[in-house]
Amino acid sequence: MTHQVRAVVARGKGAPVSLETIIVPDPGPGEALVRIEACGVCHTDLHYREGGINDDFPFLLGHEAAGVVESVGEGVTDVAPGDFVILNWRAVCGQCRACLRGRPWYCFNTHNAKQKMTLTDGTELSPALGIGAFAEKTLVAAGQCTKVDRAASAAAAGLLGCGVMAGIGAAINTGNVGRGDSVAVIGCGGVGAAAIAGASLAGAAKVIAVDIDDRKLETARSLGATHTVNSGEVDAVDAIGELTGGFGADVVIEAVGRPETYKQAFYARDLAGTVVLVGVPTPEMKLELPLLDVFGRGGALKSSWYGDCLPSRDFPMLVDLYLQGRLNLDAFVTETIALDEVEKAFERMHHGDVLRSVVVL
């Protein structure tokens, strides 16, 4: 059996996306069919549309999603029809060297659904990050589904599927922010704002938000920033130094993904402090630092991929904190939109008008 559903498709590099009918097969072994309730519009989706990831067009966009399992294939035991789930793009294998060493968040062999979703003419679709959730239904590997409390808002919970988890995890998992630490976050878009929330949640005593947009800095304050720095007006490194007694921050999270801001992060940390890169650079970018400075400052230079999260551990915990009122996921939902408004959402994202536009079905 197959399902005909509406979905957002990117057919060519830079071309506007279109709302089309696609064919979704019933789940095979190890797969799950999920009815999507909400999906955030992430910058990665725009990268796919612009050909910045690869050129495997047509793409089925959307990956930051929550929904309800409609059916499962043979051998699936972790989720069942009716479960409310957040989708993740790193379904761990349990067998690779990282998993066997007890570090599944580094899994080197994550997997997706084996069957392909298609256009009505049979053309195979490439689902964004193996998910493709700007659709009424999507087919994923069952391991990409993490069951969470049904009481959570789908629009808010789905954001843990990518950007919000990346930011919170950069602070808590990768940066190991602890009670009393000083933390600076450079770049306060969706991921950076989530890093600020994560640092605050972890008990940081000082959380410094850095951006060139006063609107984003205001949002950062509402999510736990204790201080803000407009780096378009003052030198970010100097400002962070002044706010930390001249020493620099214990942890600096770079959420932009550019060499210039990475250098700011490097020099804005305390001696033996930690830099966490969670902003995604483009392939042509190069970083040049004096090797003596790298040696002389000690500490750690880390990259954070998906916030070093383990969905089965982190998603339910963060949803519980949300339901307890300790993590304001609703603050990340700037607007809710329909499936046919994704292209407009890309425009608003480009202008910095939103933390997240969320498609609600």
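Modeller: In this predicted model, six strands form an open sheet in the order β13-β12-β11-β14-β15-β16, and their pairing is parallel.

Colleague: What makes β13 and β16 the edges of the sheet?

Modeller: Strands β13 (227-230) and β16 (300-303) each have a single partner strand, so one side of each lacks a neighbour in the sheet. From one strand to the next, the twist averages 20°.

Colleague: How do you know that β15 and β16 pair?

Modeller: Pairing requires at least two bridges between the strands. Four bridges join β15 (residues 269-277) to β16, and the two run parallel. L277 has S303 of β16 as its bridge partner.

Colleague: Which strands does helix α6 touch where it packs on the sheet?

Modeller: Helix α6 (residues 214-222) touches β12 (206-211) and β13, and its direction makes about 170° with that of β13.

Colleague: Why are α4 and α10 called roughly perpendicular?

Modeller: The class covers angles of 65 to 115 degrees. Helix α4 (residues 163-174) packs against α10 at about 105°, with the axes 12 Å apart; the two are therefore roughly perpendicular. M165, I168 and N173 of α4 meet R313, D314, F315 and L318 of α10. This contact comprises four nonpolar, one polar and two charged residues.

Colleague: What makes α10 part of the lining of the second largest pocket?

Modeller: A lining residue has an atom within 4 Å of a pocket point, and α10 (311-323) and β10 (145-147) each supply at least two such residues. The pocket has a volume of about 320 Å³. Its lining has 19 residues, with D78, A142, G143, C145 and S312 the closest to the centre.

Key:
Residues are numbered from 1 along each chain as its sequence is written. This is a predicted model: local features need pLDDT of at least 70, side-chain atom pairs count only at pLDDT 80 or more; totals for chains, interfaces and linings use all residues. Side-chain values use heavy atoms; hydrogens and water are left out. On a 1 Å grid over the protein atoms alone, a cavity is a set of points where a 1.4 Å probe fits but cannot get out, and a pocket is an open set with protein on both sides within 12 Å along at least five of seven lines; lining residues have an atom within 4 Å of a point. Grid points are joined across faces, edges and corners, and a volume is the space filled by probe spheres set on the points. Axes are lines fitted to C-alpha atoms, for helices over the stretch in contact, and angles run from 0 to 180 degrees between N-to-C directions. Angles under 35 degrees count as roughly parallel, over 145 as roughly antiparallel, 65 to 115 as roughly perpendicular and the rest as oblique. Contact means heavy atoms within 4.5 Å. Ala, Val, Leu, Ile, Met, Phe, Trp, Tyr, Cys and Pro count as nonpolar, Asp, Glu, Lys and Arg as charged, and the others, Gly among them, as polar.
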